[in-house]
Amino acid sequence: MITTQNLTKIFRTDEVETTALNEIDLTVQAGEFVAVMGPSGCGKSTLLNILGLLDSPTAGRLELFDREVSGYSERKRSELRKGNVGFVFQSFNLIDELTVYENVELPLLYQRVSGAERKRRIHEMLERFNLMPRQKHFPQQLSGGQQQRVAVARAVVGNPKLILADEPTGNLDSAHGEEVMSLLARLNEDGTTIIMVTHSSSYAAYARRVIHLFDGVVVTEAAGSVGHA
């Protein structure tokens, strides 16, 4: 599903050049659950942004869904993201002015899904994540764990092939963190490919493979414990 060769990302200002990713070679098969770990500033989020087509590499190749996409324009990256990639962020990134129902609906509006089909899929997600009683609530009326459940529901309502989760438990206490990780593990069991950035070795244990980055380079790779799934 994903292959990178010599993937490199350099950020340049007038005075400073920073290599965020340094010739990364990586393969992720469909259906895998991969955790990416490493200290702050090692390139984890940069890697996720490039894999999710939110950014382009400076050099190297990126094959995503059997397409060479490293040279894609922003418009082509946006088209490929739509319906194929779902994002879960540490800060939830919900829209405060929209209800739970409307936040989950948003990706389906972008995909121009019909009204009846939108309603069916949203109700299915709200039931699945135990959010039906909260569907008319606004994000500020929810706990952190509930907000992240809404964010996960929004990420998967479009049936994406790939979910990218950037520190999805970073703003949650341990109980809500475990809840979100269990959701991700169940989604992976259902066949969704997941790549997750985390600082937590216990949450990384949910993954089948753990990759450690340091200074933009893959330094180690090991099997996950998959002990909580």
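Figure 1. At 44% relative accessibility, R120 counts as partly exposed, where buried means under 20% relative accessible area, exposed over 50%, and partly exposed in between (1.4 Å probe, protein chains only). This is a predicted model, in which local features need pLDDT of at least 70 and side-chain atom pairs count only at pLDDT 80 or more, while totals for chains, interfaces and linings use all residues. Residues are numbered from 1 along each chain as its sequence is written, and side-chain values use heavy atoms, with hydrogens and water left out. R120 forms a salt bridge with E124, and the closest N and O atoms of the pair are 3.1 Å apart. A salt bridge is a side-chain nitrogen of Lys or Arg within 4 Å of a carboxyl oxygen of Asp or Glu. Side chains of opposite charge can pair when their charged atoms come close. Both R120 and E124 lie in helix α4, four residues apart, which is about one turn of the helix. An α-helix has 3.6 residues a turn, so residues three or four places apart point the same way. E124 counts as partly exposed, at 39% relative accessibility. A network of salt bridges links E117, R120, R121 and E124.

**Figure 2. The salt bridge between R128 and D190.** The closest N and O atoms of R128 and D190 are 2.5 Å apart, and the two residues form a salt bridge. This pair links distant parts of the chain, 62 residues apart: R128 is in helix α4, and D190 is in the loop between α6 (174–189) and β8 (193–197). Helices (H or I, at least four residues) and strands (E, at least two) are DSSP runs, numbered from the N terminus. R128 counts as partly exposed at 34% relative accessibility, whereas D190 counts as exposed at 56%.

**Figure 3. The salt bridge between R209 and E32.** R209 forms a salt bridge with E32, with 2.9 Å between the closest N and O atoms. R209 lies in strand β9 (residues 209–214) and E32 in the loop between β2 (17–28) and β3 (33–37), so the pair ties together parts that are 177 residues apart in sequence. R209 counts as buried at 13% relative accessibility, and E32 counts as buried at 16%. The structure holds 15 salt bridges.

**Figure 4. Helix α3 and its surroundings.** Eight of the eleven residues of helix α3 (residues 100–110) are buried, so the helix is largely enclosed by the rest of the structure. The buried residues in α3 are V100, Y101, N103, V104, E105, L106, P107 and L108. They pack against α4 (115–128) and α5. Just after α3, R112 takes a positive phi of about 60°.

**Figure 5. V113 in the loop between α3 and α4.** V113 lies in the loop that separates helices α3 and α4. With a relative accessible area of 12%, V113 is buried. Leaving aside its neighbours within four places in sequence, V113 is in contact (heavy atoms within 4.5 Å) with L108, R118 and R121. V113 and P168 are 55 residues apart in sequence, and their C-alpha atoms are 27 Å apart in space.

**Figure 6. R154, a buried arginine in helix α5.** R154 has its place in helix α5 (residues 144–156). R154 is buried yet has no salt bridge, and the nearest side chain of opposite charge, D96, is 9.3 Å away. For charges, Lys and Arg count as positive and Asp and Glu as negative, while His and the chain ends are not counted. Leaving aside its neighbours within four places in sequence, R154 is in contact with F92, N93, L94, N103, V104 and P107.

**Figure 7. The chain that holds these sites.** The chain has seven helices and ten strands. Its radius of gyration is 17 Å, close to the 17 Å that the globule rule gives for 229 residues, so the chain is as compact as a globular protein of that length. The radius is taken over C-alpha atoms, and the globule rule is 2.2 Å times the number of residues to the power 0.38. Along its principal axes, the C-alpha trace spans about 50 × 40 × 35 Å. Of the 229 residues, 51% count as buried. Among contacts between residues at least 6 apart in sequence, 67% join residues at least 24 apart.
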